[in-house]
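Please read them with the structure open beside you.

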Amino acid sequence: MNLNFNKNLAANYKSPSQIIRVLSEDWVSNQSYCPNCNAQPLAEFTNNQPVADFYCANCHEEYELKSKKAKLSNIINDGAYDTMIERINSDNNPSFFFLTYSQEYRVNNFLIIPKQFFQPDMIIKRKPLSVTAKRAGWVGCNIDLRKVPESGKVFLVKDQQVIPRNNVTEQFQKTLFLRQQSQQTRGWTLDIWQCIDKLDANFSLNQVYAFADLLKLKHPENNHIKDKIRQQLQVLRDKGIIEFVSRGHYRKLY
């Protein structure tokens, strides 16, 4: 995988946003592959798709690309709020590629967050544009990556080091079980997963119980929070995300 952009493609562009769009999309088209099935190359959608940029002709996975100079931050600027919410709630919502690049137009990090990790509460509505703006009243959004468990961040390139393709596909496919869950159940699984992310590799049931008050605030309709915690720990255990060590004790497998 060549991590350098083809800078010759930018010769006829002056706008920085247009330049990086052309360079990054070309790089993904020529250097990337489908993390789900390992097929290469990815195909590009025609312009003006509401969210997605690329798709895999083999498995039909769809991908949206977000590019940024320098470091990957936890908050990513995105487009129209209503469009994003509608798409992630649809049956064919895309997975998201996030790409960061250096001053020399070289890829620093390239990762994917599979679509099953996207929930409405990680899409933050921005203030409407002022009445004097060209698009007065338009409402954009930000994507809050802090709400994604670490296992949901699948790196193809990390700190300019290319990750073996088999490792990428294995990590991507390990969490596909989330797609079979209802949105409500998936929300609970991801909430418990985020709690576990805050704990050490070996942790106890009582440590997870310590998040009960926080979970109650998020799920006020549920009066059996501890039962739900145990249920979701069993789900994560059955799917190989954690393992049972002894009564009330677990170990992360990621």
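**Notes on the predicted model**

1. I163 is partly exposed, since its relative accessible area is 25%. As this is a predicted model, that value, like those below, describes the prediction. I163 sits in the loop that connects β10 (161–162) to α3, and, once neighbours within four places in sequence are set aside, its contacts are Y33, F155, L156, V157, K158 and V168.

2. Helix α3, which spans residues 165–174, has V168, T169 and F172 as buried residues. Viewed down the axis of α3, the buried residues fall within an arc of 95 degrees, so they line one face of the helix. The exposed residues N166 and E170 are carried on the face of α3 that is turned away from this buried side. What do the buried residues of α3 pack against? Their partners are the strands β5 (95–101), β6 (107–113) and β9 (154–158).

3. Two packed helices are described by the angle between their axes and the distance between the axes. For α4 and α7 the angle is about 85 degrees and the axes are 9 Å apart; the range counted as roughly perpendicular runs from 65 to 115 degrees, and the two helices are therefore roughly perpendicular to each other. On the α4 side the residues that meet α7 are T185, W188, T189, I192, W193 and I196, and on the α7 side they are I225, K228, I229, Q232, L233, V235 and L236. Sorted by class, this contact has 9 nonpolar, 3 polar and 1 charged residues.

4. Side chains of opposite charge can pair when their charged atoms come close. The count of salt bridges in the model comes to 12, and one of them joins R87 to E62, with the closest N and O atoms 2.5 Å apart. R87 belongs to helix α2 (residues 81–88) and E62 to strand β3 (residues 62–69), so the pair ties together parts that are 25 residues apart in sequence. Both R87 and E62 are buried.

5. A further salt bridge pairs K218 with D191, where the closest N and O atoms are 2.7 Å apart. This pair links distant parts of the chain, with K218 in helix α6 (residues 212–218) and D191 in helix α4, 27 residues apart.

6. R237 and D238 meet through their side chains in a salt bridge of 3.1 Å, N to O, and R237 is partly exposed, its relative accessible area being 36%. Elsewhere, E64, K66 and D78 are linked in a network of salt bridges.

7. Next comes the backbone. Most residues other than glycine have a negative phi, and most peptide bonds are trans. In this model, a cis peptide bond joins Q40 and P41, with omega about 5 degrees, and P41 lies in the loop between α1 (16–31) and β1 (43–44). N38 is also placed in the loop between α1 and β1; its phi is near 75 degrees, a positive value in a residue other than glycine, and N38 is partly exposed, with a relative accessible area of 23%.

8. D159 likewise has a positive phi, of about 55 degrees, although it is not a glycine. D159 is found in the loop between β9 and β10, and, at 55% relative accessibility, D159 counts as exposed.

9. The last point concerns S204, which has its place in strand β11 (residues 202–204). At 14% relative accessibility S204 counts as buried, and, leaving aside neighbours within four places in sequence, S204 is in contact with G248 and H249.

Definitions and conventions
Residues numbered from 1 in each chain as written. Predicted model: local features only at pLDDT ≥ 70, side-chain atom pairs only at ≥ 80, totals over all residues. Heavy atoms only, no water. Buried < 20%, exposed > 50% of the residue type's maximum accessible area, 1.4 Å probe, protein only. Helix = DSSP H or I, 4+ residues; strand = E, 2+ residues; numbered from the N terminus. Arc of directions from axis to C-beta. Contact = heavy atoms within 4.5 Å. Axes fitted to C-alpha atoms, helices over the stretch in contact; angles between N-to-C directions. Parallel < 35°, antiparallel > 145°, perpendicular 65-115°, else oblique. Nonpolar A, V, L, I, M, F, W, Y, C, P; charged D, E, K, R; others polar. Salt bridge = Lys/Arg side-chain N within 4 Å of Asp/Glu carboxyl O.
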